Amino acid sequence: SSLQTISTLTNLDLYNNSFCGANPNICSVGSNDCGGPYLNCYTDEESILRDLYNATNGGSWTHTTNWLSGDYCTWYGISCTPSSYGHVTTIYLPNNRLNGTLPASIGNLPYLTDLELVINSISGTIPPQIGNLTSLLVLNLLGNQLTGTIPPQLGNLASLQTLDLDTNQLTGTIPSSLGNLSQLVTLYLNSNSLTGTIPSSLGNLSQLVTLEFNTNQLNGTIPPQLGDLNSLVTFDLENNLLTGTLPSSLGDLSQLQYIYLNTNQLTGTIPSELGNLTSLTDLYLYSNSLSGTIPSSLGNLSQLHSFYLNDNQLTGTIPSSFNGTNLPSLANLYFQNNQLTGSIPSSLQTISTLANVDLYNNDFCGANPDICSAGTNSCGGPYPNCNTDEESVLRDLYNATNGGSWTH
């Protein structure tokens with residue numbers, strides 16, 4: 001319409017172009033010709049939705065109700081504020097056969113709060129422009145075929161509460177910038193091919209309730225700063241290549257209910273501080289190289305349901321604190337394939353909820369309690385009689401003084 005402000009303009013020919021919208025009055029003055037009539041112009045936000053449709057083979061989507069016609073706020077999976085020709089706030093297209101790549105223009109929806117494209121066949125990389133979506137609360141791309149690295153620009157999403165990139169083909173490291181997401185509640189990066197170490201900056205996520213990085217190729221140690229995640233309920237790093245010791249700071253996570261650190265390469269002892277986790281229901285430390293004794297403080301875990309320490313190098317005895325008074329909810333006890341010694345405590349029989357017990361392949365002594373023969377339970381044996389304390393002292397003397405060479 002600014003052309004109409006040019007008072008000297010006497011001849012105008014704009015015919016045979018691809019304009020949109022209504023022609024200004026100057027187009028009908030004299031012999032002027034602007035072509036048309038044209039279709040309504042797309043708003044910028046409608047244009048971005050069309051980019052998504054075209055880039056992900058929209059014609060093959062399972063549900064396409066109203067797409068590409070009429071008010072874009074009525075298109076399947078789209079919500080706006082206001083509800084008619086408003087700003088796009090939600091793109092919700094789960095399990096809808098999206099096949100292709102995410103357009104960079106998707107980063108130009110300033111009012112978008114919810115982007116959920118789970119269980120599709122989206123490939124290619126995550127556009128770094130998504131980091132421009134500063135109103136975003138939920139970014140859920142679970143179950144696609146995304147490749148490449150996690151863009152560090154995602155650390156700019158200051159309002160983000162859920163980040164789910166689970167079950168893709170992502171590579172590279174976890175950006176330390178994710179530690180800037182101060183409102184984040186859930187963080188899922190499971191089942192990718194991520195490498196490198198876990199950034200200590202994630203210890204800044206004070207609102208985080210769920211942290212799941214299982215089934216990747218993460219290495220290095222567990223940062224002790226993760227002990228600052230005071231809201232954490234689920235801590236899942238299983239099936240990685242993590243090394244080093246278990247940080248004692250994990251004992252500060254008073255809300256923690258689930259620990260899954262199994263199937264790594266962790267060494268050292270089990271921190272006694274884990275006995276402070278009185279809300280814990282699942283403790284999975286199996287298939288590592290943990291050594292030393294089982295802390296008696298773990299008998300304080302009154303909510304514990306499943307207890308897996310199997311396939312480590314643990315020594316010493318099973319603490320007598322493992323009894324029905326202290327562990328009234330325990331159902332699963334798996335300590336097989338260690339180097340545990342002493343007698344199997346009869347106190348285990350006082351745990352009425354105990355349904356599954358496996359203590360096979362250890363170095364116990366003495367008679368097995370009755371619980372070892374209940375159902376499919378397995379404690380191994382029969383074992384030799386246990387030495388008394390005084391007998392053990394005499395054996396120490398014999399061994400220390402080369403008893404095999406004594407005269408008598």
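A salt bridge here is a side-chain nitrogen of Lys or Arg within 4 Å of a carboxyl oxygen of Asp or Glu. By that rule, the count for this structure comes to one salt bridge.

Before the details, the ground rules. This is a predicted model, in which local features need pLDDT of at least 70 and side-chain atom pairs count only at pLDDT 80 or more, while totals for chains, interfaces and linings use all residues. Residues are numbered from 1 along each chain as its sequence is written, and side-chain values use heavy atoms, with hydrogens and water left out.

So, which side chains meet in the salt bridge? They are Arg-50 and Glu-46, at 3.2 Å from N to O. Both lie in helix H1, four residues apart, which is about one turn of the helix. Helices (H or I, at least four residues) and strands (E, at least two) are DSSP runs, numbered from the N terminus. Arg-50 is buried, at a relative accessible area of 14%, and Glu-46 is buried at 6%. Buried means under 20% relative accessible area, exposed means over 50%, and partly exposed is in between (1.4 Å probe, protein chains only).

Staying in helix H1, we have Leu-52. Leu-52 counts as buried because its relative accessibility is 1%. Setting aside neighbours within four places in sequence, Leu-52 is in contact (heavy atoms within 4.5 Å) with Trp-61, Ile-91, Leu-93, Leu-102, Pro-103 and Ile-106. Its C-alpha atom is separated by 9.3 Å from that of Gly-100, which is 48 residues away along the chain.

In general, side chains of opposite charge can pair when their charged atoms come close. For the count of charges, Lys and Arg are positive and Asp and Glu negative; His and the chain ends are not counted.

Asp-71 sits in the loop between helix H1 (44–55) and strand E1 (78–81). Asp-71 is buried but has no salt bridge, and the nearest side chain of opposite charge, Arg-50, is 10 Å away. What does the side chain of Asp-71 reach? The backbone nitrogen of Cys-73, at 2.9 Å. Beyond four places in sequence, Asp-71 is in contact with Ser-83, Ser-84 and Tyr-85.

Glu-116 is the other one, in strand E4 (residues 114–116). Glu-116 is also buried without a salt bridge, and here the nearest side chain of opposite charge is Arg-97, 19 Å away. Its contacts outside four places in sequence include Ile-91, Leu-93 and Val-138.

Next, the backbone. Most residues other than glycine have a negative phi, and most peptide bonds are trans. In this model, the bond from Thr-81 to Pro-82 is cis, with omega near -10°; Pro-82 is in the loop between E1 and strand E2 (87–92). The bond from Gly-381 to Pro-382 is cis as well, with omega near 5°. Pro-382 belongs to the loop between strand E19 (363–364) and H2.

As for phi, Ser-287 has a positive value near 55°, in the loop between strand E12 (282–284) and strand E13 (291–292). Asn-337 has a positive phi of about 60°, in the loop between strand E16 (332–334) and strand E17 (339–342). Ser-287 is partly exposed at 26% relative accessibility, and Asn-337 is partly exposed at 27%.

Notes:
Polar contact = N/O pair within 3.5 Å; in protein donor to acceptor, adjacent residues only side chain to side chain.
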